[in-house]
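Start with a pair of helices, then follow the nonpolar side chains.

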Amino acid sequence: VTFDTPVENVASFLEAVLRSAFPTSFWGSGRNFRRVVQTMRVFLELGRTEQLPEKAIVEGIRVLDMRWLVPFSTKKDCTKLSNSKSDPVHHRRHRKLSRSDHESTATLVRNVMRWLYCQFVIPLLRSTFYITETEFTGLRVLYYRRAVWGRIKALSMKTLLTQQYREINPAQLQKVLSNHNVGCSPAPLRLLPKKTGIRAIA
């Protein structure tokens, strides 16, 4: 089954959605946005058992570019600028942060990036694609558009019910289970793509 969507296309889809869903100010700079997209491409290439280290999601991001997360100037700071033409936003942009303020901002950026992956990117991928490993790619995952996978699944189930399995109703299922003390509920049927078809795994 080779109707999967190439990772490059999945990455381009994600990039387009992120550009549309978030204003430029969210990223702080074009450089930060490009860095986020680059890291997401790495994320998409991960194998089934691999994980992206948390530090990787903020690596290369310029924390101070994300001005909406940088603490506002204190009253004392603004007093020092009473005779300056600089406005508070300009001052907030260029003032040197204390170590504690910088660490706090870095923590906020890390939390925002964690939210982005866990609450936006991953749910988006799961709702748009069926993501699975295959027999011919090992632990490397492939991305199938939901509509495409739905068609593959329907055709595969039709073949399986004709050649290997038979469908039973809930009453028959309960009877079978009561006659076989298996000790656990039936496992859901999972379809694993092969080069020339589908393998059913219980």
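Helices α1 and α3 cross in a right-handed sense (right-handed if the near helix is turned clockwise from the far one by less than a right angle, left-handed if anticlockwise). The axes of α1 (residues 7–21) and α3 (residues 30–44) come within 10 Å and cross at roughly 145°. Axes are lines fitted to C-alpha atoms over the stretch in contact, with angles from 0 to 180 degrees between N-to-C directions. Contact means heavy atoms within 4.5 Å. Val10, Leu14 and Leu18 are among the α1 residues that meet α3, whose side includes Phe33, Val37 and Met40.

This is a predicted model: local features need pLDDT of at least 70, side-chain atom pairs count only at pLDDT 80 or more, and totals for chains, interfaces and linings use all residues. Residues are numbered from 1 along each chain as its sequence is written, and side-chain values use heavy atoms, leaving out hydrogens and water.

Now the core. A nonpolar core is a set of buried Ala, Val, Leu, Ile, Met, Phe, Trp, Tyr and Cys residues joined through side-chain atoms within 4.5 Å; buried means under 20% relative accessible area with a 1.4 Å probe, protein chains only. The largest core has 29 residues, of which Trp27, Met40, Leu44, Met113 and Leu116 touch the most other members. Helix α6 gives the largest share, eight residues. Beyond four places in sequence, Leu116 contacts Leu18, Phe22, Trp27, Val36, Met40 and Val121.

Overall, 31% of the 202 residues are buried. The protein has eight helices and four strands, both being DSSP runs numbered from the N terminus (helices H or I, at least four residues; strands E, at least two).

Methods: Buried < 20%, exposed > 50% of the residue type's maximum accessible area, 1.4 Å probe, protein only.
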